[in-house]
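Reader: I would like a close look at one part of this model, with the pieces described in relation to one another.

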Amino acid sequence: MENQNQSHNNENDKIKTEKDNEPQQQQQLKISEEEIVTEINDEVTKSDVEFIKEFLENKPKEFIEFLNNNNIPLDSYNISSIPRFIRIKPQTNNNNNNNSNNNNNNNNNNNNNNNNNNNNNNNNNNNNNNNNNNNNNNNNNNNNNNNNNNNNNNNNNNNNNNNNNNNNNNNNNNNNNNGNELISKIESEIKTKLIPVNWLPNFYKLEDSTVNISSSKSYKSGIFYGMDASSGAAILALDPKPGDNVLDICCAPGTKLCMISDLLEGNGTITGVDISESRLGTCKTILKKYKIPNARLFICDGTKFNSLAPNSSDSIPMEKVQTKKKLKLNNNNTTTTTTTTTTTETTTTIIRSISNFKEKENEKDNNINNNNNNNNNNNNNNNNNNNNNNNNNNNNNNNNNLVEKKRKSKRASKKKTFDLEDLYFSNTFFMRYSVGGGLYDKVIVDAECSLDASIRHLLKYSKVSRNLDLEKSKQLINLQKGLIENGFKLLKPGGHLVYSTCSFSKDQNELVVQYLLNKYPDTSKLIPSFSSNQNEIIIPFSPGFIENTFRFYPKNGTSGMFISKIEKIKLN
């Protein structure tokens, strides 16, 4: 499961508390709100390093038994420091690169025009010479013209090749310069050096893992985000391509969604599923901060989620919209009747008040004009005050009605009639209702697990027995089998599913994968997680216990992770 500690603490202000009524099978290993959203980019303290050192030198008995039972090398967790990584969003440099390309193209066009002009002048001169010698040397002039034309063509080709080479060199130089400038800027803000991760594009390791980066300007503006290299490896294995519909089951806290979006390059869709409302709140905040397009989130049990991929050509289900309009019309009619009744009662009250004033005036002594005038003035003032009070009451009633309408409208806007079941958030309109895209091209199941492979979680839970409880492990394994099977059902033939955890338990990893392979022997196939061209760069994994499964041990410089990749075979 993606490290919860890599989520964003300063982005959790708007997140609601966890629902109390979540299914019991999802409640195991529940961690508090602060622990879920603890910023991965919070500095690693000296006490953390000391704890790890002491822990590794004096491994608890139950931890050693766990390692031995799962054939895990005893030195797998041996580290001198706790690594931290960031990923720089690749589109950060696009605008600068595009401007450089435009300038270079303009220069190339100018050079080509100059060359063409020179060639035309040469041709004119040659033609003049040919005309002067036309009578005597026709054959020779023709040969010279041909030679000159050939020379001009050769010169044009050479100039074009030179311009293309210069353009490529300029682009490369601009990319390098812009990238170096950005890296230098980030380094100055977070006060540590960034070390490139050669096997994982756009990832950098922090030389000093104790620095805080959440207060830096580049972080706040969404130029980079914190993500462990092992989680990045899972997305590298998934290999989403532009145009793919991607499903992420157990998507929280959301940095996987960011990397998937970067690789889709704005062309494709992302559907995230998680059962925790508070963790989905973190996902929603991250999607907004990093401006992730074409994304939606569902609050749902990942073993039961069944909404298909969206399709932008799908139309709104009008039968639902018409039903909503009828309900709205009925509500409006009821409101109008109530308002009319209230207005009539108010008018009657005002008329009675005026009649009472007139009766009192007739009873007064007509000989005392001044007093009558004063009394009339006072009565008029009172009358006006009463009218004003009545008007104020009416206005208050109307304002209350308007406020109530606005509240109802606001509540209604959060959930549209045509929204899909369990939809939590969508930033693209058609994705609120569309399932016309069929099954998904890529699915990642970053499953709930015992967290025993993560050094950071060992820091959080010094009592290792929490991760190794037998009864909880059985519950987890059943949950994991349900998650991977449902993910496979939602995968289209020819598509790929990545199953990953941050556990080294064989029961939660290889045996869960084998369960799926045994249940769907004709349509499932375990394939290498990393392509051959990626193998040219050394990726720090170790082989798993069945072929084409991979483990990332902390001793190799990342957090602990298990990764596998399954292809859904097309049937004839």
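How many bridges join strand 1 to strand 4, and do these strands run parallel or antiparallel?

Author: This is a predicted model, and in it 3 bridges join strand 1, which covers residues 85-88, to strand 4, the two running antiparallel. Within this pairing, Ile86 stands opposite Gly226 of strand 4. In general, the strands of a sheet pair through backbone hydrogen bonds, in either a parallel or an antiparallel manner.

The pairing belongs to an open sheet of 4 strands, arranged in the order 2-3-1-4 with antiparallel pairing. Its edges are strand 2 (194-196) and strand 4 (224-226), each of which pairs on one side only, and from one strand to the next the twist averages 35 degrees. Helix 8, made up of residues 255-264, packs on this sheet and touches strand 1, strand 3 (203-206) and strand 4, while the direction of helix 8 makes about 140 degrees with that of strand 4.

Asp248 has a relative accessible area of 0%, and because the cut-off for a buried residue is under 20%, Asp248 counts as buried. The side chain of Asp248 is joined to that of Lys256 by a polar contact of 3.5 Å. When neighbours within four places in sequence are left aside, the residues in contact with Asp248 are Lys256, Leu257, Thr271, Gly272, Val273 and Ile444.

Definitions and conventions:
Residues numbered from 1 in each chain as written. Predicted model: local features only at pLDDT ≥ 70, side-chain atom pairs only at ≥ 80, totals over all residues. Heavy atoms only, no water. Buried < 20%, exposed > 50% of the residue type's maximum accessible area, 1.4 Å probe, protein only. Polar contact = N/O pair within 3.5 Å; in protein donor to acceptor, adjacent residues only side chain to side chain. Contact = heavy atoms within 4.5 Å. Pairing = 2+ DSSP bridges. Axes fitted to C-alpha atoms, helices over the stretch in contact; angles between N-to-C directions.
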